Amino acid sequence: MYKHIYKNLETFNLKGLGEKTNKGLKKLGINSLYDLLYYFPRAYDDRTNMKKIGELRGEEYVVIKAKIMSLESPQVRSGLKMVKARATDGTGVIELVWFQMPYLKKTLKVGEEYIFIGNVKVGYILQMVGAEYKLLKNQNNLGGEILPIYSSSKEITQNTIRRILKEAINNYLNIFQENIPPEIISEYKIMNRIKALKSIHFPENDKMLEEAKRRFGIEELLVLEMGILEKRFEVSSKNNGKYKLDGKSNLVKEFLKNLEFDLTRAQKRVITEIHKCLNEGKVINHLIQGDVGSGKTVVSTLLLLYMIENGYQTVIMAPTEILATQHLFSIKKAFEKLGVNVELLTGSVKGKKREAMLEKISNGEINLVIGTHALIEENVVFLNLGLVVIDEQHRFGVVQRKLLRDKGILSNLIVMSATPIPRSLALSIYGDLDVAIIDELPPGRQPIKTKWLQSEEEKEKMYDFIDKKIKEGRQAYFVAPLIEESEKLSIKSTSEIYEEILQKLPKFRIGVLHGKMKSSEKDQVMKDFKDGELDILVSTLVIEVGVNIPNSTIMVISDAERFGLSTLHQLRGRVGRGEKQSYCFLLSKTRNEGSGIRLKILEETQDGFKIAEEDLKLRKPGEIFGTRQSGISDLKFIDIVHDVKTIKLVKDICTDYLLKTDGKIENEFLRVDIEEKFKESLTS
Ligand code: ADP
Ligand code: MG
């Protein structure tokens with residue numbers, strides 16, 4: 001049975017797999033047979049590259065061939081058992097030392113030749129501690145042997161992993177049925193699974209190793225992409241029906257007439273693109289990407305109106321109450337002028353008011369519901385939901401997306417991403433979405449002057465500068481250092497900054513915003529700030545995304561080194577939203593090189609796509625997008641930023657395949673692998 005590969009290791013009969021070894025393997029993340037065989041070497045020892053002792057210069061991991069000249073077990077201190085050997089290959093002498101392996105005194109033989117593998121230390125004498133050893137005369141095909149090197153641990157040595165893997169490969173390899181459809185295997189000349197598993201662990205030669213690596217690169221992407229694309233086929237095979245307006249919406253026209261600005265070309269392009277899909281009867285399934293401030297909201301607003309006039313209900317889901325409330329503020333007035341009913345549904349709408357609202361949602365009275373994940377709750381039922389818009393996508397997982405979408409009678413979905421990401425990455429993370437990019441900022445935006453301030457002196461100057469700017473009528477954000485999601489600490493960190501500002505800028509009105517406040521209190525503070533009743537807003541990360549107050553032109557971020565690059569870019573994006581020159585001050589005394597690089601990048605560029613790319617170079621994608629959401633952080637062979645070609649290839653392979661099969665995955669083994677992969681990402 002194929003499914004058995006996902007069963008725990010102890011259900012298999014593997015020689016040498018005792019309780020202790022099993023525990024050790026678990027610690028390395030190896031639970032099932034699959035985990036074991038897919039525990040690939042982190043490197044290989046190419047025996048063809050054996051070194052001479054006389055060539056050894058620095059500290060390195062090497063393979064040598066040498067004859068043991070002497071062997072002893074000196075008494076160093078009680079309890080410490082040491083075996084020491086001296087060996088030579090005619091070009092030099094090396095000392096080999098093992099601890100707590102007293103039996104080696106008997107196993108190793110003076111006068112015999114061995115292969116030794118390990119780290120060389122160069123001190124007063126060349127030394128290798130804990131080297132792996134093999135009797136030379138037992139090594140038959142020495143010339144071509146390439147040995148795997150695994151990440152090992154205290155409990156599990158290299159040798160144990162190799163032994164268990166050999167066992168598993170000898171006895172259970174046949175369970176690993178081919179999970180790539182045969183026509184793909186032959187068309188793309190992919191090494192078959194069994195051969196590849198053998199070759200990745202114990203390659204016969206370099207060429208086979210390379211082919212095995214290629215195979216697993218394709219396989220891991222294939223499992224991921226097939227799974228994602230299959231869902232998309234499910235969606236797009238649904239028919240969306242006809243829209244009576246056929247593109248001519250009065251609401252849209254009216255709304256545009258009242259709008260204070262003209263849409264940018266990029267905005268128009270994206271709207272047209274999505275409209276076209278709708279009118280062709282396709283289910284829309286779009287990711288709208290655009291840098292901070294590129295005006296994603298208005299784009300989705302126009303699509304909402306179009307759907308509403310066609311008689312459907314619509315939803316906007318935002319990750320925080322603040323953001324949901326802000327959407328409400330910015331949309332409600334304009335919509336009500338047009339006779340569209342808009343309501344806000346968040347966790348803090350309770351009791352009678354909530355009941356009444358749910359009633360109006362279920363009978364279709366409300367045309368647009370703006371809210372947080374409270375919208376996902378079961379008792380929120382729509383009469384005829386036709387379009388879901390999700391703002392700042394990376395905060396929500398695939399599951400939440402699906403739950404909300406399933407409430408609709410049409411499955412139209414638009415997500416707006418706050419984090420601009422390279423297209424290749426978007427393709428794989430959001431493989432189930434069409435990506436539309438707004439690659440243009442509204443006119444008149446000035447670059448935000450960004451400065452990394454390292455000294456107290458510079459900070460003093462900054463306060464003088466802010467003093468001047470506020471007197472000119474501007475406002476300022478101060479962001480408190482990032483602290484683990486502890487509410488107590490978040491209060492502390494905001495109040496420290498508050499105290500400092502109070503001292504340096506005593507004449508101004510200061511508001512504070514932190515995680516511990518009730519949402520009504522937060523709303524009030526935000527409102528006061530927006531209305532200009534406050535000059536300065538001290539806040540924790542809650543203002544990271546989406547907040548839009550053009551008169552606030554100064555952003556000060558304390559302990560900036562604690563934030564990731566993308567987060568800093570988002571925070572900075574809170575300013576520079578109007579016509580006035582904006583400023584961002586990054587306060588940090590860090591001497592850490594990596595942090596320094598990040599802050600420098602921010603000083604130098606404002607291009608969100610470039611920043612995201614830099615960020616990806618510095619961190620793993622999983623850290624940015626959340627491990628479980630995407631499955632991409634488990635990729636072992638594919639470098640999501642650079643392997644654009646393979647990603648594209650696999651995407652095409654999958655699309656072709658699904659087109660031919662009508663969206664069904666017919667290979668039962670691939671089926672099982674996909675279920676397994678997505679089970680993992682749904683449950684955690
Ligand atoms: P984001 O893409 O970061 O979500 P928003 O949709 O919040 O950006 O828009 C940022 C600001 O730019 C808002 O104040 C919005 O009204 C304004 N804006 C959007 N489109 C345009 C445009 N074409 N011309 C001028 N201002 C615009
Ligand atoms: Mg936004």
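User: Which backbone does a nitrogen atom of ligand 1 approach?
Analyst: In this predicted model, a nitrogen atom of ligand 1 is 3.5 Å from a polar backbone atom of T264.

User: And the oxygen side: what lies 2.6 Å from an oxygen atom of ligand 1?
Analyst: That is a polar side-chain atom of T297.

User: How much of ligand 1 does the protein bury?
Analyst: The protein buries 84% of the 570 Å² that ligand 1 exposes when taken alone.

User: How many residues surround ligand 1, and which are the closest?
Analyst: There are 16 residues around ligand 1. The closest are D262, G293, T297, R445 and N548.

User: Changing topic to the packing. Which residues touch the most other members in the largest nonpolar core?
Analyst: F335, L368 and I414 do, within a core of 44 residues. Helix α10, residues 296-309, gives the most to this core, contributing nine residues.

User: What does F335 touch?
Analyst: Residues up to four places away in sequence aside, F335 touches F255, T301, L305, I308, V340, V342 and L368. Another core lies apart from the largest one. That other core has 36 residues, including I5, L17, L165 and F669.

User: Now E500. Where is it found?
Analyst: E500 is found in helix α16, which spans residues 487-504.

User: Is E500 buried, exposed or partly exposed, and why?
Analyst: E500 counts as partly exposed because its relative accessibility is 25%, and that class lies between under 20% for buried and over 50% for exposed.

User: What is E500 in contact with?
Analyst: Neighbours within four places in sequence aside, E500 is in contact with K459 and Y463. With Y463 there is a polar contact between the two side chains, at 2.7 Å.

User: Last topic, confidence. What does the protein average in pLDDT?
Analyst: The average pLDDT is 85, and 87% of the residues score at least 70.

User: Where is confidence lowest, and where highest?
Analyst: Confidence is lowest in helix α22, residues 627-630, with a mean of 40. The highest value, 97, belongs to strand β21, residues 583-587.

User: Over which residues does pLDDT stay under 50?
Analyst: Over residues 622-633, for which the model has 31 contacts beyond four places in sequence.

Definitions and conventions. Residues are numbered from 1 along each chain as its sequence is written. Chains are lettered from A and ligands numbered from 1 in the order in which they are written. This is a predicted model: local features need pLDDT of at least 70, side-chain atom pairs count only at pLDDT 80 or more; totals for chains, interfaces and linings use all residues. Side-chain values use heavy atoms; hydrogens and water are left out. A nonpolar core is a set of buried Ala, Val, Leu, Ile, Met, Phe, Trp, Tyr and Cys residues joined through side-chain atoms within 4.5 Å. Buried means under 20% relative accessible area, exposed over 50%, partly exposed in between (1.4 Å probe, protein chains only). Helices (H or I, at least four residues) and strands (E, at least two) are DSSP runs, numbered from the N terminus. Contact means heavy atoms within 4.5 Å. A residue is near a molecule or strand if one of its heavy atoms lies within 4 Å of it. A polar contact is a pair of N or O atoms within 3.5 Å; within protein, one must be able to donate a hydrogen and the other to accept it, and residues adjacent in sequence count only if both atoms are side-chain atoms. Accessible areas come from the Shrake-Rupley method with a 1.4 Å probe; for residues, only the protein chains shown count as cover. pLDDT is the predictor's confidence in each residue, from 0 to 100.
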